[in-house]
Amino acid sequence: MPLTKSGLPIDIRPARGKLGILTPGMGAVATTFMAGVEAIRRGISKPIGSLTQMGTVRLGKRTEGRSPLIQEFVPLAKLDDIVFGGWDLFPDDAYQAAVKAGVLSKEHLTALKPFLSTLKPMTAVFEQEFVKRLTATHAKKGKSKADLAEQVVADIENFRKTNDVDRMVMVWCGSTEVYREPAAVHASLAAFEKGLRESDPEIAPSQIYAYAALKSRVPYANGAPMLTLDTPALMELAKKNDMPISGKDFKTGQTFMKTILAPGFKARLLGLDGWYSTNILGNRDGEVLDDPDSFKSKEVSKLGVLEHILQPHLYPDLYGKVDHVVRINYYPPRGDNKEGWDAIDLFGWMGYQMQIKVNFLCRDSILAAPVVLDLALFMDLAQRCGMSGIQEWLSFYWKSPMTPPGLYPEHDIFIQLMKLKNTLRYLRGEELITHLGAEYYD
Ligand SMILES: NC(=O)c1ccc[n+]([C@@H]2O[C@H](COP(=O)([O-])OP(=O)(O)OC[C@H]3O[C@@H](n4cnc5c(N)ncnc54)[C@H](O)[C@@H]3O)[C@@H](O)[C@H]2O)c1
C-alpha cells in the first residue's frame with residue numbers, strides 16, 4: 001500500500017481544539033447523550049455502551065498481546081473538548097427537555113441541571129407536512145427554503161465563532177419525518193438548489209439542515225430512518241466539499257437484537273418461517289411514529305434487515321418464505337422504556353419447527369446515546385482523515401446502513417464490527433485481521 005511521509009497510508013490531522021456536536025432535535029436521545037457526556041466528564045458515570053471510550057482493538061497476532069483502547073489507538077477528540085449545540089421546535093433548554101423526556105433519574109437531573117440549563121436550542125426549520133403529530137412553537141420564518149438554509153448556515157457560523165470550535169459534526173436527533181422517495185428536485189445539486197429557491201414541497205426540513213451542514217463543511221449523520229441524505233443531490237454536495245456522510249436510523253433495541261440473532265441462525269443454516277416484532281413505546285418518538293406516514297419510514301428501515309442478512313436468493317429452502325412483520329404501538333404509560341417482543345418461528349433438521357420468544361425491556365435513549373457519541377467522534381476522525389462520501393465502515397451503528405448505489409448493505413453486526421476495526425487498523429498502518437489460523441498465517 002502507498003504510504004505518506006509519516007509512514008502511514010493516510011495523514012490524520014490531529015484533533016486539536018474543540019469539537020462542536022450539533023443536533024437538529026434536542027429531545028430524549030440528544031439530551032440523554034449530552035447529559036451522559038457531562039456526567040462522564042465529571043466522573044459521575046462511566047461511558048458504558050461506547051466503543052470509542054471503552055472498546056479495544058486487537059493488533060497483530062494473538063501471541064503479541066497488543067490490544068490498546070481505540071481512543072488511544074486513533075486520535076479522537078477528547079470528551080473535555082466537546083461543546084454542544086442544537087435546534088428544536090420547542091424553546092425548552094436541555095434540562096427542561098430532559099425532564100419532559102423522563103429518561104434520567106431526578107438525582108442525575110439535579111446534578112446536571114447547571115450544565116444542561118445552559119444548552120438552549122436554536123429555532124428550528126420545520127414544516128408540519130413532514131412531522132404531522134408535532135406543532136412547532138420555536139421555528140424559523142423565511143421567504144423561501146433557500147432563505148431557511150442560509151439561516152442554518154448562519155447558525156453554524158455563529159456557533160463556530162461563539163464557541164471557538166475547530167471542527168463540527170451534525171447528527172440528526174430530530175423526529176422521524178414522513179416517508180418520501182427522492183423526487184426530481186433531488187436528482188442533482190443544481191436541481192436541489194433551484195428547488196430551495198422555489199421552496200419545492202419535496203424538500204424536507206432535515207434536507208435543509210443536511211444541505212446547510214455540508215455547505216459549511218460539517219459532516220452529517222442521519223439518526224432517523226427517512227431518506228434525508230439518500231439523494232444524488234446531497235451525495236454530490238458531500239463529494240464536492242469532501243465531507244463524510246453516514247446513516248441511517250440508530251441501531252438500538254429490537255433491530256440490534258435482530259442483527260445478533262439472525263446471523264446466528266444463518267450460520268447454523270436453521271430455517272425461518274416468520275419473525276413477528278412488536279413494540280410499545282410511550283415517548284414523543286412513539287407519538288410521532290403513531291402517524292402512519294412517519295411509521296412508514298421506520299418500517300422500511302426495520303424490514304430490510306432480515307432480507308439482507310438471510311439472503312433468500314442464496315438459501316431459498318431456508319429463507320424463501322419468511323413472514324416478517326414489524327409493529328410499533330404508542331402506549332404512554334411506558335414513556336421512554338420501550339418493551340419489544342419478538343416471536344420467531346424457525347425450523348431445523350428434517351423441517352421440525354421451533355420457537356424463540358424475545359422480550360426486551362429496554363431504554364431507547366440509554367441505548368442510543370453512546371451511539372450518537374461514537375458516530376460524532378468517528379465522523380470527526382473521518383473528516384480529519386480526508387474520507388468523504390458514505391462511511392460504510394460505520395454501518396455498525398445503523399439499522400439501515402447507507403451504501404453506494406448498486407451495493408447491498410451489510411447488516412450482520414459482527415461483520416460490521418470487523419469492518420470498523422479493520423478500517424481503524426488500516427488508518428494506523430496495522431495489518432488487517434482476517435482470523436485465518438496460525439498455520440496459514442505465517
Ligand atoms: N432512541 C432510539 O433508540 C432511536 C433509535 C433509532 C432512531 N431514533 C430516532 O432518533 C430520533 C430522536 O428520538 P427521540 O427519542 O429523541 O425523539 P424525541 O421526540 O424525544 O426528540 C426529537 C426532537 O426533535 C424535535 N424536532 C422534530 N423536528 C425537528 C426539526 N425539523 N428541527 C429541529 N428539531 C426537530 C422535536 O421537537 C423533539 O424534541 C427519532 O427520529 C427517532 O426515531 C431513536
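1. Two strands count as paired if DSSP finds at least two bridges between them. Helices (H or I, at least four residues) and strands (E, at least two) are DSSP runs, numbered from the N terminus.

2. This is a predicted model, in which local features need pLDDT of at least 70, side-chain atom pairs count only at pLDDT 80 or more, and totals for chains, interfaces and linings use all residues. Residues are numbered from 1 along each chain as its sequence is written.

3. Strand β7 (residues 271-281) has two partners to check. With β8 (residues 323-330) the pairing is parallel, over eight bridges, and Ile 280 has Asn 329 as its bridge partner in β8.

4. An open sheet of seven strands, paired in parallel, runs in the order β3-β2-β1-β4-β5-β6-β11. Its edges are β3 (122-123) and β11 (389-390), each pairing on one side only. Within this sheet, β1 (residues 18-24) and β4 (residues 165-172) are joined in parallel over five bridges, with Lys 18 opposite Val 165 of β4.

5. Helix α8 (residues 205-215) lies across β1, β4 and β5 (220-222), and runs at about 160° to β4. Axes here are lines fitted to C-alpha atoms, for helices over the stretch in contact, and angles run from 0 to 180 degrees between N-to-C directions.

6. Phe 192 belongs to helix α7 (residues 189-197). Phe 192 is buried because 23 other C-beta atoms lie within 10 Å (buried means 20 or more, exposed 12 or fewer, partly exposed in between, with C-beta atoms placed from the backbone). Beyond its neighbours within four places in sequence, Phe 192 is in contact with Val 185, His 186 and Ala 233, contact meaning C-beta atoms, placed from the backbone, within 7 Å. Pro 232 is 40 residues from Phe 192 in sequence, and their C-alpha atoms are 9.5 Å apart.

7. The shell around the ligand has 36 residues, of which Gly 25, Gly 27, Val 29, Ala 224 and Arg 284 come nearest; a residue counts as near if its C-beta atom, placed from the backbone, lies within 6 Å. Two or more residues each come from α1 (28-41), β2 (82-88), α11 (284-289) and α14 (364-385). The most, four, come from α14.

Terms used: Contact = placed C-beta atoms within 7 Å.
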